Amino acid sequence: MPQAILSLFESTGAYLTGHFRLTSGLHSPEYLQSALVLQHPRYAEQLGASLAAALVALTAPARIGLVAAPALGGLIIGHEVARALDVPFVFTERGATGDMLLRRGFQIEAGINAVVIEDVVTTGGSTREVIAILKNLDAHVLAAGSIIDRSDGQADVGVPRAALETMRVISYDPSNCPLCREGSTAVKPGSRN
Ligand code: ZN
């Protein structure tokens, strides 16, 4: 990652090193806990403004009319992108069965130009789920954005993507993990605190 974003993640404790068990089941020596950056409203606002500018550049001359994001990870940065664009922000959330849902009485205007925001894209799975909901409601999804793209640009969500930083996730199958071989145990990020 270029220095500005990496420094921000490091200085706020959001760039963790150790031995982590990712949601995918893979093990990794590093983890990005973006909530630790975004707990600072000043940084959240700056990152949101930067991401909004990147999305405007990506989607011009179309005008973005709505920002949507999956809870919980996308809530703060999605809100800040929407603030910078001065457009409404809506969020999706998982129901009891694990399905991604648009609740809370949010109404999507047919034909509106929307963008979908996540904090960190790894596979793009959550972004794809939000895009599917919006398209099902006849919104026009112009693009997707994230603070960080951990897929090294590989995640395909079906629309153009913007990210403030792109990196390649270092991950190991548990059966072939050098950290496990050294005798340490992988922890779920956040569980130690
Ligand atoms: Zn391991």
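Student: The expected span of a helix is 1.5 Å times one less than its number of residues. What should helix α5 span, and how far apart are its end C-alpha atoms?

Tutor: Helix α5 runs over residues 125-136, and its 12 residues should span 16 Å at 1.5 Å a residue; the end C-alpha atoms are 17 Å apart, which agrees. Helices (H or I, at least four residues) and strands (E, at least two) are DSSP runs, numbered from the N terminus. This is a predicted model, where local features need pLDDT of at least 70 and side-chain atom pairs count only at pLDDT 80 or more, while totals for chains, interfaces and linings use all residues. Residues are numbered from 1 along each chain as its sequence is written, and side-chain values use heavy atoms, with hydrogens and water left out.

Student: Which residues of α5 are buried?

Tutor: T127, V130, I131, I133 and L134. Buried means under 20% relative accessible area, exposed over 50%, partly exposed in between (1.4 Å probe, protein chains only). These residues of α5 cover an arc of only 160 degrees around the axis, which puts them on the same side of the helix. The arc is taken from the directions from the helix axis to the C-beta atoms.

Student: And what covers the buried residues of α5?

Tutor: The cover includes strands β3 (66-70), β4 (89-94), β5 (100-102), β6 (113-121) and β7 (140-149). Contact here means heavy atoms within 4.5 Å. Just after α5, D138 takes a positive phi of about 70 degrees.

Student: How many residues of β7 are buried?

Tutor: Nine of its 10. β7 runs parallel to β6, joined by eight bridges, and V115 has A143 in β7 as its bridge partner. Two strands pair if DSSP finds at least two bridges between them.

Student: What about R150, is it buried or exposed?

Tutor: Buried, at 4% relative accessibility. R150 lies in the loop between β7 and β8 (161-166). Leaving aside neighbours within four places in sequence, R150 has contacts that include S28, E30, Y31, V120 and M167.

Student: Changing topic: which residues coordinate the zinc ion?

Tutor: H19 (NE2), H27 (ND1), C177 (SG) and C180 (SG), at 2.1 to 2.4 Å. Donors are N, O and S atoms within 2.8 Å of the metal (3.2 Å for Na, K and Ca); water is not among the atoms, so sites may look incomplete.

Student: What are the angles among the four donor atoms?

Tutor: They are 95 to 121 degrees, and the site is tetrahedral. Four donors count as tetrahedral if all angles lie between 85 and 135 degrees. The ideal angle for four tetrahedral donors is 109.5 degrees.

Student: How are the donor residues spaced in sequence?

Tutor: The spacing is H-x7-H-x149-C-x2-C. H19 lies in strand β1 and C180 in helix α6 (residues 178-181), so this pair ties together parts that are 161 residues apart in sequence. H19 is buried, with a relative accessible area of 7%, while C180 counts as partly exposed at 28%.

Student: What does β1 pair with?

Tutor: Strand β1 (residues 15-21) pairs with strand β2 (residues 27-32) in the antiparallel sense, over five bridges. F20 has S28 in β2 as its bridge partner. The hairpin has five residues between the strands, and G25 there takes a positive phi near 95 degrees.

Technical notes
Tetrahedral: all angles 85-135°; square planar, octahedral: opposite > 155°, others 65-115°.
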